[in-house]
Each structure stands twice: as structure tokens, then as C-alpha cells.
Amino acid sequence: MKPLRPTPLLAALALLLSGCAANTYLDAKRNTAAGGQQERDIAAAKTDLATAQAQNTSLQDQKLQREREIERNNRRIRALEADLKKQDAALASALKAKQVSQARYNELKKEMDAVKAETQSVDLQNKGDAFAAPDAKADAAKEARLKELERRKKELEAALAGLTKS
């Protein structure tokens, strides 16, 4: 039997494979050395994590602030509705006691009903805001509407107070 002799093709393949293995080893060594790619990747990941955590904290704060604002507006709306209900009863009592003419009653009742309808509209918007993305313009408009409704309610209170003193 003849001993096996390595052919030149097999020898070249063996040399090539040993060179690849050496390069892979050197690449791995460079990547894991101090200041290598692995360390840079870890530093970048830590930076990304810190940024994401800061953003999460900021979003949580914004969400909490939004929930507080919606709840504050909800309390204002409930107070408006309760006051309007009292004013409605007072106006009906004034009509019954003939402290107000039917024409003046109709005028005040119409204004009161308009304020109630607008209050309900603002209430629906406020409830919808709990599920919508914050919108600074819409929030400012809602705030202006609430202030206007509160002003109109005070005017109605003053008109009713003037009627009952007569």
C-alpha cells in the first residue's frame, strides 16, 4: 500500500483554513480587549438605556399631569352643573312666587339651558381628552370655554339674586 501524500490542493486548503481561524481569533481578541468593539457596544447600549429611562420618566410625568388636569376640569364641570341645577330650581321658584315675569323667566331659562348645553359639550371633550394625545391648542380653547361658562353662570346667579331681592 502506498502512503498517502498530501496533494497540493489539500495543502493549500489546510493553509487557508488555518489562516481564517487565526483571523477569527485575532478579531475576537480585538473585540474583547479593553476599548474594543464589545466595550463600545456596551457603552452605547447603556447610553441608549439611560436615554430611554429618562424619556419614560418624562412621559410618566406628562401622563400624570394630564390626568390631574382632566380631573381638575371634571371637578369644575361638576360644580358648574350643580350650580346650574340650583339656579334652575331657584328660577322656577321665583316664577311660582311671581317674583319674575314669564318673559324674564323664559329669557333666563334660555340662557341657563345654553350654558348647560355648552357645559355638556365641554364635559364630552374633557372625557375624550383622557384617551387622546395632548393638544395644547385644544386644551387652551377648552380652558377658555370653561372660564366663559363660569362667567356666564355668575351673571345668571347675579340676575337671580336680583330677582329674589325684589
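This is a predicted model: local features need pLDDT of at least 70, side-chain atom pairs count only at pLDDT 80 or more; totals for chains, interfaces and linings use all residues.
Gln 87 sits in helix 2. Helices here are DSSP runs of H or I with at least four residues, strands are E runs of at least two, and both are numbered from the N terminus. Residues are numbered from 1 along each chain as its sequence is written, and side-chain values use heavy atoms, with hydrogens and water left out.

**The chain as a whole**

The chain has 4 helices and 0 strands. Along the sequence the pattern reads α-α-α-α. Buried residues make up 20% of the 166 residues. Buried means under 20% relative accessible area, exposed means over 50%, and partly exposed lies in between, using a 1.4 Å probe and protein chains only. Now take the contacts in the chain with a separation of 6 or more: residues 24 or more positions apart account for 74% of them. A contact means heavy atoms within 4.5 Å.

Is Gln 87 buried or exposed? Gln 87 is buried, because its relative accessible area is 5%. Set aside its neighbours within four places in sequence, and Gln 87 is in contact with Met 112, Lys 153, Leu 156, Glu 157 and Leu 160.

| Residue | Relative accessible area | Class |
|---|---|---|
| Gln 87 | 5% | buried |
| Gln 37 | 32% | partly exposed |
| Lys 63 | 49% | partly exposed |
| Lys 98 | 74% | exposed |

Gln 37 is also part of helix 2. Not counting residues up to four places away in sequence, Gln 37 touches Arg 30 and Asn 31.

Helix 2 has 60 residues, so at 1.5 Å a residue it should span 88 Å. The expected span is 1.5 Å times one less than the number of residues. The end C-alpha atoms of helix 2 are 88 Å apart, which agrees. Helix 3 has 28 residues and should span 40 Å; its end C-alpha atoms are 40 Å apart, so this agrees too.

Which residues of helix 2 are buried? They are Arg 66, Ile 70, Asn 73, Arg 76, Ile 77, Leu 80, Leu 84, Gln 87, Asp 88, Leu 91 and Ala 94. In helix 3, the buried residues include Tyr 105, Leu 108, Met 112 and Val 115.

Lys 98 follows helix 2. It is found in the loop between helix 2 and helix 3. Most residues other than glycine have a negative phi.

How do the two helices pack? Helix 2 and helix 3 meet at an angle of about 165 degrees, with their axes 10 Å apart. Axes are lines fitted to C-alpha atoms, for helices over the stretch in contact, and angles run from 0 to 180 degrees between N-to-C directions. That makes helix 2 roughly antiparallel to helix 3, a label for angles over 145 degrees. Their crossing is left-handed, meaning that the near helix is turned anticlockwise from the far one by less than a right angle.

**The nonpolar core**

The largest nonpolar core has 17 residues. Such a core is a set of buried Ala, Val, Leu, Ile, Met, Phe, Trp, Tyr and Cys residues joined through side-chain atoms within 4.5 Å. Those with the most contacts inside it are Leu 91, Leu 108, Met 112, Leu 156, Leu 160 and Leu 163. Helix 2 (37–96), helix 3 (102–129) and helix 4 (136–165) each supply at least two residues of this core. Helix 4 gives the largest share, 6 residues.

Beyond its neighbours within four places in sequence, Leu 108 is in contact with Leu 91, Leu 156, Ala 159, Leu 160 and Leu 163.

Methods:
Angles under 35 degrees count as roughly parallel, over 145 as roughly antiparallel, 65 to 115 as roughly perpendicular and the rest as oblique.
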